[in-house]
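Thanks for coming. Please have the sequence and the structure in view while I talk.

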Amino acid sequence: MSEKPPVLLSGGNPQIEKGDGDAPVQAYISAMPGWKQGVGQKLDAIITSVVPNVAKKVRWNSPFYGIGDGTSFLSFHCMTRYIKVAFFKGTELTPVPDHTSKQANVRYLHIDEPGVFDEAQFTDWVKQASVLPGEKI
């Protein structure tokens, strides 16, 4: 008997059960539709290379990345036309990511199809974000 593939919610976001560790994050990435899957793999690889002992978890159908103290510094989520990468202390990054949030400190990077983004800038933001105090999620 084969396992059913995850349901895709609005915007094509995979519905993945809450869980801690790499396995639920990889399940999320594997279920990302189309071009978004390759971007998810690239984001995960960059984050893991910058923060080798990164703590991973899935909450609210999104992967979260932290430093192992129960806090998170970054998450991403599939939207209909783009991937939304959230930096929880985004206002403290240099340069500040372009997209604002209703939450004062959060800033977003939007990655549109075909999934091209400034990997060097993203890597630098991950380095910066990973040493800031995280958000309790």
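Where is the place of Pro-114? Pro-114 sits in the loop between S6 and H3. Before I go on, a reminder that this is a predicted model.

I start with that proline for its backbone. Most peptide bonds are trans, and most residues other than glycine have a negative phi. The bond that joins Glu-113 and Pro-114 is cis, and its omega is about 15°. Another cis peptide bond runs from Thr-94 to Pro-95, with omega near -10°. Pro-95 belongs to the loop between S5 and strand S6, which covers 107-112.

Then there is phi. Trp-60 is a residue other than glycine, and its phi is positive, near 50°. You will find Trp-60 in the loop between strand S2, at 55-59, and S3.

Next, the helices. Two packed helices are described by the angle between their axes and by the distance between the axes. Take helix H1, residues 22-31, with H2: the axes are 7 Å apart and the angle is about 150°. The cut-off for roughly antiparallel is over 145 degrees, so H1 and H2 are roughly antiparallel to each other. On the H1 side, the residues that meet H2 are Val-25, Gln-26, Ile-29, Ser-30 and Ala-31.

At what angle do the axes of H2 and H3 cross? The axes of helix H2, residues 35-50, and helix H3, residues 119-130, cross at roughly 45° and come within 10 Å. H2 and H3 are therefore oblique to each other. The crossing of H2 past H3 is right-handed. Here H2 brings Lys-42, Leu-43, Ile-46, Ile-47 and Val-50, while H3 brings Glu-119, Phe-122, Thr-123, Val-126 and Lys-127. Those residues divide into 6 nonpolar, 1 polar and 3 charged.

Last, the largest pocket. How much space lies in the largest pocket? The figure is about 270 Å³. The pocket is lined by 16 residues, and Phe-64, Ala-86, Phe-88, Gln-103 and Tyr-108 are the closest to its centre. Which strands each supply at least two residues of that lining? They are strand S3 (62-66), strand S4 (71-78) and strand S5 (82-87). S4 gives the most, with 3 residues. By class, the lining of the largest pocket has 8 nonpolar, 5 polar and 3 charged residues.

Trp-60 has a positive phi. H2 is roughly antiparallel to H1 and oblique to H3. That is all I have.

Definitions and conventions:
Residues numbered from 1 in each chain as written. Predicted model: local features only at pLDDT ≥ 70, side-chain atom pairs only at ≥ 80, totals over all residues. Heavy atoms only, no water. Axes fitted to C-alpha atoms, helices over the stretch in contact; angles between N-to-C directions. Helix = DSSP H or I, 4+ residues; strand = E, 2+ residues; numbered from the N terminus. Parallel < 35°, antiparallel > 145°, perpendicular 65-115°, else oblique. Left-handed = near helix turned anticlockwise from the far one by under 90°. Contact = heavy atoms within 4.5 Å. Nonpolar A, V, L, I, M, F, W, Y, C, P; charged D, E, K, R; others polar. 1 Å grid on protein atoms, 1.4 Å probe; cavity = no way out; pocket = protein on both sides within 12 Å on 5 of 7 lines; lining within 4 Å. Points joined across faces, edges and corners; volume = space filled by probe spheres on them.
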